[in-house]
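Colleague: I'd like to learn how to read a model like this one, feature by feature. Could you walk me through it?

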Amino acid sequence: MTRTCGQTQFRPEAFFQGRTVAQGILQDRTGRVGRRFVAEMEGRRDGPAHVLEGRYEGTASDVIGKAAGIATPDSLHLDYRMRIPIGKRAWVVRFDDVMHRVNDNNIINRATLRLFGIRIADLTVTMQRVQDA
């Protein structure tokens, strides 16, 4: 049985259209919180969006190549690589990223970061759509 949180199935391209506020923590592999952050994002569509059987593909300025994703009624699983500064170098880190829809306006995002296949950090983020007044 398929169950959805809201009245409609999760559509990432609609959720991220407009303003979104994110708050999160980055934990090292021992669980120690290394960073806390708040970010505001402005999403917009750049060209036509086509979704085939819940599969997504996207780009961002800090993503190497394309992010590939698969959506279920209440989540989106993404796999992508980013160049991240660590110490005095920039390393290519792989993200295994899962966004879980809490309701139509909120997401909890969990990502595992890997370097050379070894888990180096975990990222936990809440995202909330900002409704224009």
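This is a predicted model: local features need pLDDT of at least 70, side-chain atom pairs count only at pLDDT 80 or more; totals for chains, interfaces and linings use all residues.

Colleague: Which residues is D62 in contact with, leaving aside its neighbours within four places in sequence?

Modeller: Contact means heavy atoms within 4.5 Å. With those neighbours left aside, D62 is in contact with R81, M82 and R83. D62 and R81 are 19 residues apart in sequence, and their C-alpha atoms lie 8.8 Å apart in space.

Colleague: Is D62 buried, exposed or partly exposed?

Modeller: The classes rest on relative accessible area: buried is under 20%, exposed is over 50%, and partly exposed is in between (1.4 Å probe, protein chains only). D62 has 42%, so it counts as partly exposed.

Colleague: Now the sheet: in what order do the strands come?

Modeller: In general, strands of a sheet pair through backbone hydrogen bonds, either parallel or antiparallel. Here, two strands pair if DSSP finds at least two bridges between them. In this model eight strands form an open sheet in the order β2-β1-β8-β7-β6-β5-β4-β3, with antiparallel pairing. β2 (33–43) and β3 are the edge strands, each pairing on one side only.

Colleague: How many bridges join β7 to β8?

Modeller: Ten bridges join these antiparallel strands. L115 stands opposite I118 in β8.

Colleague: What is the phi of F116, which lies in the loop between β7 (106–115) and β8 (118–129)?

Modeller: As background, most residues other than glycine have a negative phi. F116 is not a glycine, yet its phi is positive, about 55 degrees. At 66% relative accessibility, F116 is exposed.

Colleague: Which residues touch the most other members of the largest nonpolar core?

Modeller: In soluble globular proteins, nonpolar side chains tend to be buried together. A nonpolar core is a set of buried Ala, Val, Leu, Ile, Met, Phe, Trp, Tyr and Cys residues joined through side-chain atoms within 4.5 Å. The largest one here has 22 residues, and L76, Y80, F95, L113 and M127 touch the most other members. At least two residues of this core come from each of β4, β5 (75–86), β6 (89–103), β7 and β8. Beyond four places in sequence, the contacts of F95 include L78, Y80, I84, L113 and L123.

Colleague: Finally, how many salt bridges does the structure hold?

Modeller: A salt bridge is a side-chain nitrogen of Lys or Arg within 4 Å of a carboxyl oxygen of Asp or Glu. The structure holds eight. One of them joins R119 to D122, with the closest N and O atoms 2.9 Å apart; R119 is partly exposed at 32%, whereas D122 is buried at 11%. Another links K66 and E57 at 3.2 Å, N to O; K66 is exposed at 52%, and E57 is exposed at 60%.

Colleague: And which residues are linked in a network of salt bridges?

Modeller: D74, R101 and D104 form such a network.

Terms used
Residues are numbered from 1 along each chain as its sequence is written. Side-chain values use heavy atoms; hydrogens and water are left out. Helices (H or I, at least four residues) and strands (E, at least two) are DSSP runs, numbered from the N terminus.
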